[in-house]
Amino acid sequence: MAPHRLAEKFDVVFNTVGQGGVVVKALKEGGEAVSIQVPVTPPTVLFIFTSTATILKSRSIKPVLDPKTPFPFLRLWRLFPSLKLSELLPRGHNLYLYFAGTLRKKVYPFFLNPIFLSMAEAASNVPTTIPSVHKAWIYQEYGKSSDVLKLDENFPVPEVNEDEVLIKVIAASINPVDFKRMLGAIKDNDTPRPIVPGHDVAGVVVKVGSKANKFKVGDEVYGDIAEKALSEPKQFGTLAEYTAVQEKVLTLKPNNLSFVEAASLPLAIETAYEAFERAQLCSGKSVLILGGAGGVGTMAIQLAKHVFGASRVAATASTAKQDLLRSLGADLPIDYTKDKYEELPEKFDVVFDAVGEGERPVKAMKEGGKVVSIMGPIAPPTVIFVLTSTATTLEKLKPYFESGKVKPVLDPKTPFPFSNTLEAFSHLETCRAIGKVVVHPIP
């Protein structure tokens, strides 16, 4: 029976599997809930442990080993296929517990921690030689993804320029800019076709250009590969087995993030960060975020709260997503199906429009405030901007990723296998995705 359905309630609930609101329902009034997994629901406290040798002095705590343990060192890699890493890693869980769950649900082989498993998956996906052709999703003409996007299993692996690195792609996330470009939104300034879509990548460096010195072969990296996506679009994107990228837009993947989590971050979080820099959001100011449950919006809420120090964070989403807004740090979740945010008595120092709401955001702004937007239509004095991708933002935010203060938000249907990329686009195009849509594993 599920714990929240029991008649008995508990003073303390320790959540090791990430069950969100279920945990809170098992608490006594005034009880405490702590978790090492997301999602969490208030008042649950999420924490990352501080390693200490003190507890190891206790003689009353005994290790519990799987019946098949130990594995000889030379047979260690035979263990990994049985873990089904492609199913476990993308969800960002503490995998040693989930691995334990696959083995009669009663053993806890702690030596198999998430970082080790992530390294194992990277190693299993890195080839010993680089092929001349690879699998890639491409389009030769503009139109709907379902009509024009095709899988080419013998597409040429891109050449590596002197300032670039070649990445074996482990995971790639997709963004609205990908399907809008496919529809022809920038056709007057676009590259020649065929085009491989995709901006966000997480993977492993397999080749380094002659003048590239930031990374070495074997480094796990991530980033948004197009520095200027509209004015200087990339012909060969990330929805392929390999992609060639300027090293300046990449940085090392944080060890505590899976490849799927890392791939979900760059374009969305860099966009939100640049928006708040342009709006001069800082401690003591209030902010309203329109589109709070989307890829950019979920990052914006967390940045406003934990990085820029906003005094009050409001965000809009539909009825079903109000709890998500609260869990990310929104002080004022607004249900746009019930309330018109511009008619609320409260006004805001900064309004970030990630939807394209025209005049409405201006009416929610305090006198002397700022409105920034990433899409039209807009009305004065709104400032619209296009992201300039830079690894600097990801490097600044690394401590927040490592501490868990800023977390990736993945759509419940994520990840989509590489072969199901059309389904991934179909889901994104509904404009109802939560957080980011990621493609993984990529052969």
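Biologist: In which loop is Gln280 found?

Modeller: A helix here is a DSSP run of H or I with at least four residues, and a strand is a run of E with at least two, both numbered from the N terminus. Gln280 sits in the loop between H9 and strand S11 (286-290). This is a predicted model, in which local features need pLDDT of at least 70, side-chain atom pairs count only at pLDDT 80 or more, and totals for chains, interfaces and linings use all residues. Residues are numbered from 1 along each chain as its sequence is written, and side-chain values use heavy atoms, with hydrogens and water left out.

Biologist: What is the phi of Gln280, and is the residue buried or exposed, or in between?

Modeller: Its phi is positive, about 55°, although Gln280 is not a glycine. Buried means under 20% relative accessible area, exposed means over 50%, and partly exposed lies in between (1.4 Å probe, protein chains only). Gln280 counts as partly exposed because its relative accessibility is 49%.

Biologist: Where is Cys431 found, and what is its phi?

Modeller: Cys431 belongs to the loop between H14 and strand S17 (437-439). Its phi is also positive, about 60°, although Cys431 is not a glycine. At 58% relative accessibility, Cys431 counts as exposed.

Biologist: Where does H13 have a kink?

Modeller: A bend is the angle between axes fitted to the seven residues ending at a residue and the seven starting there. In H13 a kink of about 45° lies at Leu397, shortly before the proline Pro399. Leu397 is one of the buried residues of H13, which also include Thr393 and Phe401. Gly404, with a positive phi near 85°, follows the helix.

Biologist: Which residues does Thr191 touch?

Modeller: Contact means heavy atoms within 4.5 Å. Not counting residues up to four places away in sequence, Thr191 touches Arg181, Pro233, Lys234 and Gln235. Thr191 lies in the loop between helix H7 (176-182) and strand S7 (200-208), and it counts as buried because its relative accessibility is 15%. Pro194 lies in that loop between H7 and S7 as well, and the peptide bond from Arg193 to Pro194 is cis, with omega near 10°.

Biologist: Which residues have the most contacts inside the largest nonpolar core?

Modeller: A nonpolar core is a set of buried Ala, Val, Leu, Ile, Met, Phe, Trp, Tyr and Cys residues joined through side-chain atoms within 4.5 Å. The largest has 47 residues, and Ile269, Phe276, Val287, Ile289 and Phe352 have the most contacts inside it. H9 gives the most to this core, with seven residues. Apart from it lies another core, of 31 residues, among them Val165 and Phe215.
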